[in-house]
Each structure stands twice: as C-alpha cells, then as structure tokens.
Amino acid sequence: MSSNFIGLLIILLSVLTSVNMIMAMRNEPALLAWLNQILIGTILISLVSYLVTAFGTRKAGKRETEREKEHA
Amino acid sequence: MVDWSGVHSITISMHEGMLLLAFIAVAVRFIVNITPKIPVAGWLFSEEFLQKTARVSETVAFIAGLGGTIGIVASAITGTILSTPRGIVVSNLVSNKVMLSLFALVFWVDFLAIRLKYGDERIWSNRVLQFFYPLTALIGFSLVTVAGSLGGTLAGKESVIDFVFTYLGIRKNDSWILPPITEFSRIVVNSPLQYLGDVSSMLQIVVALNIIIIALVLIYVGVSSKSKE
C-alpha cells in the first residue's frame with residue numbers, strides 16, 4: 001500500500017475513534033450513528049477505490065513489463 | 001442582510017450544473033474510447049473526429065469535476081449557515097441529504113484523485129480504470145441527484161425523480177442509517193466511556209491527540225516519498 005493511502009486511512013480511523021469517544025461522553029447516540037455511517041462509508045469507499053485502482057494498474061504494469069521483455 | 005437560502009440555491013445550481021457537465025463529458029470520453037472496438041463505427045466517425053472529441057471531453061470532465069467538487073464544499077458552507085449542527089440530526093430528511101452530499105463529495109474527490117494520479121492516457125488505456133473512472137463519476141452524480149431531490153422535498157416542492165422513490169418503496173423521511181451502525185453507536189454510548197469525566201478537558205485531549213496523529217502521518221508520508229525519490 002502506498003504511504004499516502006496509509007496516511008489517509010490512519011487519519012480517518014483516528015477521527016472515527018475520536019468522534020466515538022466524544023459522542024459517547026456527550027451521550028448522543030443519534031448524532032454518533034449518523035457520523036459513524038459517514039465516516040465508515042468514507043473509509044470503505046476509499047478502500048475499495050484504492051484496491052481497484054492499485055490492482056488494476058499493477059496487472060497492466062506487469063503486462064507492460066512482460067511485453068518489454070519479449071521485445072528485448 | 002444576505003439571503004442565505006438564495007445563496008445556497010445558487011451554489012447548489014452551480015455545482016449540480018458543473019457535475020452534470022463533468023458526467024456527460026466522461027460519458028462521451030468513455031463512448032469515444034469504446035467506439036473503435038465497434039465494427040460499424042469505423043465508417044461513421046473519422047479517426048481525427050474521435051481524437052478531437054476525446055481530447056476536449058477529457059479536459060471538460062476534469063475542469064467541470066474540479067469546479068463541481070469545489071461547488072459541493074461551497075454548498076455545504078452555505079447550507080451550514082442556514083442550519084445548525086444540531087438541526088442536521090433533528091430532521092431525517094436533512095441528515096439524509098447531508099450524508100448523501102458527503103458521499104458524493106468522496107466520489108468526486110476520488111474521481112479527481114484518479115485523474116491526477118494516473119493521467120488521461122493511462123486511465124483510458126487501462127482495462128480496469130477505463131470502467132472504474134466513469135463509474136465513480138456515475139455514482140457521484142447519482143448521489144448528487146438524489147441529494148438534490150431531497151433538497152427539493154425539503155423546500156416543499158416536488159422532485160422529478162420522486163417516481164423512483166415511490167417505485168422502490170423508499171421513504172425520504174425515514175432514517176437511512178444502517179441498523180448495524182445504529183446498534184454499534186448505541187453500544188458505544190452505553191459503554192463506560194460516558195463516565196470518563198469532564199467533556200471539555202477530554203475534548204482538548206482528543207483534539208490534541210488527533211493533531212499529533214495527523215502531524216506524524218504527514219512526517220511519515222514526507223519521509224517515505226523522499227526515500228522513493
């Protein structure tokens with residue numbers, strides 16, 4: 001995984017944990033559920049997008065390297 | 001005195017218009033990309049026409065997508081001025097609208113990130129990205145449309161896509177938060193965390209911890225990108 005994506009994931013997870021802590025202390029389950037849905041959704045969308053693009057481009061990269069080897 | 005509801009309507013119209021343009025441009029680029037694979041298309045469109053259309057539609061998609069994404073943020077700011085953070089969760093309709101707008105923002109940021117990271121040539125020659133890139137625009141635009149429909153209902157008007165909600169049996173006034181997430185949040189709130197102590201001092205600690213984590217992440221990203229160079 002690229003360092004940029006790991007960084008984004010750590011920030012999102014830390015925000016998720018903090019929001020859960022704060023809302024638990026303030027005793028607001030409705031607001032917490034709403035915020036959790038947004039944060040968990042964002043994490044999942046980012047993760048799926050990262051995995052699809054990373055695997056998609058890795059396969060293409062391999063194919064290009066193989067083609068280059070054949071040419072050589 | 002500024003009429004913020006008017007300003008909010010203007011920012012919404014602007015970002016929806018720009019995102020529609022971005023979506024149409026991406027759709028055109030996608031069609032141009034698959035046209036050479038269709039046998040009949042060879043004598044319908046010249047190679048030069050396809051190349052020109054591809055170049056223009058790609059540029060339009062990126063610029064309109066960028067403008068639309070900035071527009072969503074502007075709409076969020078004007079919308080927050082109209083309401084309060086507490087007002088968002090009081091009404092299910094408003095909370096659903098804000099939630100969908102935020103998800104749409106994530107998809108459009110993703111759209112721009114893919115474009116900036118891989119570039120035009122690499123996206124449209126890649127087997128996966130040539131489908132995934134327009135798909136992010138399609139989902140992002142669909143979410144913006146549904147959020148716009150909820151906004152129309154909120155303003156007391158009918159929406160053009162109301163028949164879709166009726167057909168699918170979705171009620172706009174219901175909470176769209178998934179039951180497992182609601183249950184998880186209820187467990188967290190009922191946990192011993194609520195007895196941790198003074199909210200304001202804990203809030204300061206949590207914010208400070210977040211700032212430290214973000215700083216560490218930025219240092220880590222900076223160091224690892226330098227070591228790659």
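Domain bounds, as used below, come from an automatic or database domain assignment. The model is a predicted one, in which local features need pLDDT of at least 70 and side-chain atom pairs count only at pLDDT 80 or more, while totals for chains, interfaces and linings use all residues. Residues are numbered from 1 along each chain as its sequence is written, and chains are lettered from A and ligands numbered from 1 in the order in which they are written.

**Exercise 1. Describe the overall build of chain B.**

Step 1. Helices (H or I, at least four residues) and strands (E, at least two) are DSSP runs, numbered from the N terminus. Chain B contains 9 helices and 0 strands.

Step 2. The assignment divides chain B into domain 1 (4-176) and domain 2 (180-228). Between the C-alpha centres of these two domains of chain B there are 31 Å.

Step 3. The radius of gyration is taken over C-alpha atoms, and the globule rule is 2.2 Å times the number of residues to the power 0.38. For the 229 residues of chain B the rule gives 17 Å, but the radius of gyration is 22 Å, well over that value, so chain B is more spread out than a compact globule.

Step 4. Along the principal axes, the C-alpha atoms of chain B fill a box of roughly 75 × 55 × 45 Å.

**Exercise 2. Determine how helix α3(B) is placed.**

Step 1. The expected span of a helix is 1.5 Å times one less than its number of residues. Helix α3 of chain B (residues 47-82) has 36 residues and reaches 51 Å from its first C-alpha to its last, close to the expected 52 Å.

Step 2. A residue is buried if 20 or more other C-beta atoms lie within 10 Å of its own, exposed if 12 or fewer, and partly exposed in between, with C-beta atoms placed from the backbone. The buried residues of α3(B) include A61(B), A64(B), G65(B) and G68(B).

Step 3. Two residues are in contact if their C-beta atoms, placed from the backbone, lie within 7 Å. The buried residues of α3(B) pack against α1 (4-34) and α5 (92-125) of chain B. Leaving aside neighbours within four places in sequence, A22(B) is in contact with A61(B), A64(B), G65(B), G68(B) and A137(B).

**Exercise 3. Identify the centre of the largest nonpolar core.**

Step 1. A nonpolar core is a set of buried Ala, Val, Leu, Ile, Met, Phe, Trp, Tyr and Cys residues joined through C-beta atoms within 7 Å. The largest such core has 44 residues, of which A22(B), L100(B), A104(B), W108(B) and L143(B) touch the most other members.

Step 2. Two or more residues of this core come from each of α1 and α2 of chain A and α1, α3, α5 and α6 (129-154) of chain B. The largest share, 13 residues, is that of α5(B).

**Exercise 4. Is L116(B) buried or exposed?**

Step 1. L116(B) belongs to helix α5 of chain B.

Step 2. With 10 other C-beta atoms within 10 Å, L116(B) is exposed.

**Exercise 5. Characterise the contact between chains A and B.**

Step 1. Chain A gives 35 residues to the contact and chain B gives 40 residues.

Step 2. On the side of chain A that touches chain B, α1 (3-26) and α2 (29-71) of chain A each supply at least two residues. The largest share of this side, 19 residues, comes from α2(A).
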